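Here are a few exercises to work through with the model open beside you. Try each one before reading its solution.

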Amino acid sequence: MSIDVREYLKPHKALSLEERLGLVKRRFADESHITVDQDAFRADPTKAVLFMCPAQVFKLNGEDGSCIVNYEDCLECGTCQVARRYTTWNNPQGGYGVTYHYG
Ligand code: SF4
């Protein structure tokens, strides 16, 4: 197999977050494996959890100031577990979650 160097050197198409998340194989459980202490979230002026997640799982609910958790998009990177800013993260139920393929 030969490689077309010109094709290889072309800039890669920029994908949106939704397109990138669509490339990850996931199986959703019915219940969230992530919980947020809503009182602590509301009391945090920085709302830091909204900015730490690469998949943007955490969203501000503009109506009541709570934190919406779109756990279906979780990539299981562990960032929110390490930061532990009023979030509790558990492994998804057996058989659920993301599947990564290497190589
Ligand atoms: S584990 Fe990573 S991807 Fe999942 S919610 Fe936490 S920060 Fe986001």
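Residues 24 or more positions apart make up 62% of the contacts in the protein chain with a separation of 6 or more, a contact being two C-beta atoms, placed from the backbone, within 7 Å. Keep in mind that this is a predicted model, where local features need pLDDT of at least 70, side-chain atom pairs count only at pLDDT 80 or more, and totals for chains, interfaces and linings use all residues. Numbering starts from 1 along each chain as its sequence is written.

**Exercise 1.** Work out the order of the elements in the protein chain, from the N terminus on.

*Solution.* Start with the tally: five helices and six strands, where helices (H or I, at least four residues) and strands (E, at least two) are DSSP runs numbered from the N terminus. Now read them off: α-α-β-β-α-α-β-β-α-β-β. Next, the spread: the radius of gyration, taken over C-alpha atoms, is 17 Å, well over the 13 Å that the globule rule gives for 103 residues, so the chain is more spread out than a compact globule. That rule is 2.2 Å times the number of residues to the power 0.38. Finally, the C-alpha atoms fill a box of roughly 60 × 30 × 25 Å along the principal axes.

**Exercise 2.** Decide whether Val-57 is buried or exposed, then do likewise for Gly-94.

*Solution.* Val-57 sits in the loop between helix H4 (49-52) and strand E3 (58-60). Because 25 other C-beta atoms lie within 10 Å, Val-57 is buried. Beyond four places in sequence, its contacts are Ile-34, Val-69, Asn-70, Tyr-71, Asp-73 and Cys-74.

Gly-94 is in the loop between strand E5 (87-89) and strand E6 (97-99). It has 7 C-beta neighbours inside 10 Å, so Gly-94 counts as exposed.

**Exercise 3.** Find the residues of the largest nonpolar core.

*Solution.* Look for buried Ala, Val, Leu, Ile, Met, Phe, Trp, Tyr and Cys residues joined through C-beta atoms within 7 Å. The largest such set has eleven residues: Val-36, Phe-41, Val-49, Cys-53, Val-57, Phe-58, Cys-67, Val-69, Cys-74, Cys-80 and Trp-89. Then zoom in on Val-49, which touches Phe-41, Phe-58, Cys-67 and Cys-80, among others, leaving out residues up to four places away in sequence.

Terms used
A residue is buried if 20 or more other C-beta atoms lie within 10 Å of its own, exposed if 12 or fewer, and partly exposed in between; C-beta atoms are placed from the backbone.
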